[in-house]
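Subject: Structure for your review

Dear colleague,

Please find below the structure that I am handing over to you. My notes on it come after.

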Amino acid sequence: MATRSLWQKLLAAVYPERCACCRKAVPCGMLVCRDCRAALPVIAPPLCPFCGAAKADCTCRARRRTTERIVAPFYYEGKARQAVRNLKFQNHPDAAEFLYTAMAETVRREYGGIRFDAVIPVPVSAATLRRRGYNQSALLAGGVAKSLGVPMEESLIKTGDVPPQRELPAYRRSGNVFGVFDRAERAALEGKTLLLVDDISTTGATLEECAKMLKIYGAQEVYAAAAAVSRLSKETK
Ligand SMILES: [Zn+2]
Ligand SMILES: [Zn+2]
């Protein structure tokens with residue numbers, strides 16, 4: 001159960017909180033209904049450091065990446081897919097709490113010994129931000145940062161309004177889609193150990209691009225966390 005203030009409890013009496021996955025009304029602070037919780041596609045450790053899948057399920061052939069490792073609590077399937085889609089496409093920002101709570105648990109378990117200087121969300125374009133009203137990855141990053149007791153820094157920007165990754169031919173995917181704000185932001189990355197947060201990782205391409213950019217500006221190490229990763233390398237985003 002997530003903790004709730006008296007005000008939140010009163011509010012929930014009028015507007016019931018909803019399951020992050022199926023949107024059924026749930027008791028205040030429960031985040032996910034019992035049926036959905038039982039059906040979550042949890043990734044069981046040990047994890048592959050390169051794709052975040054359970055080692056038993058990994059098909060990535062251990063390709064070395066710019067990110068030190070990637071971890072996620074769930075596969076992008078079933079109930080976890082529902083929750084991510086509610087957050088990302090159905091205008092339910094409240095679904096973030098369930099996902100970032102699970103992410104924070106996984107980060108603690110897998111990255112326990114690492115002292116992060118900041119948590120950085122993968123950015124969305126200005127047009128997406130206008131349309132959606134929020135950056136879903138920033139909601140997740142903010143929750144994880146709070147749980148770890150470190151700041152969230154929105155250091156990255158998505159430059160230009162390019163179509164979603166899947167519509168881009170391979171040669172354009174390595175284009176300079178992400179950038180870093182300004183000189184102050186760049187200076188703040190120097191020598192830092194960062195936790196980069198995205199909602200979903202399918203091929204890991206977006207996290208790679210962001211990690212490269214952070215390293216260009218002097219980040220020492222970039223670890224990644226997503227709410228969900230694909231079990232196979234096929235495109236499902
Ligand atoms: Zn449910
Ligand atoms: Zn793997």
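Predicted model: local features only at pLDDT ≥ 70, side-chain atom pairs only at ≥ 80, totals over all residues.

Residues are numbered from 1 along each chain as its sequence is written, chains are lettered from A and ligands numbered from 1 in the order in which they are written, and side-chain values use heavy atoms, without hydrogens and water.

The largest nonpolar core has 72 residues, of which Phe 98, Leu 99, Leu 195, Leu 196 and Leu 214 touch the most other members. (Such a core is a set of buried Ala, Val, Leu, Ile, Met, Phe, Trp, Tyr and Cys residues joined through side-chain atoms within 4.5 Å; buried means under 20% relative accessible area, exposed over 50%, and partly exposed in between, with a 1.4 Å probe and protein chains only.) Strand β9 (residues 221–229) supplies the largest share, eight residues; strands are DSSP runs of E of at least two residues, helices runs of H or I of at least four, numbered from the N terminus.

Val 119 lies in strand β5 (residues 118–121) and is buried, because its relative accessibility is 0%.

By contrast, Leu 6, in helix α1 (residues 6–14), is exposed, because its relative accessible area is 64%.

Yours sincerely
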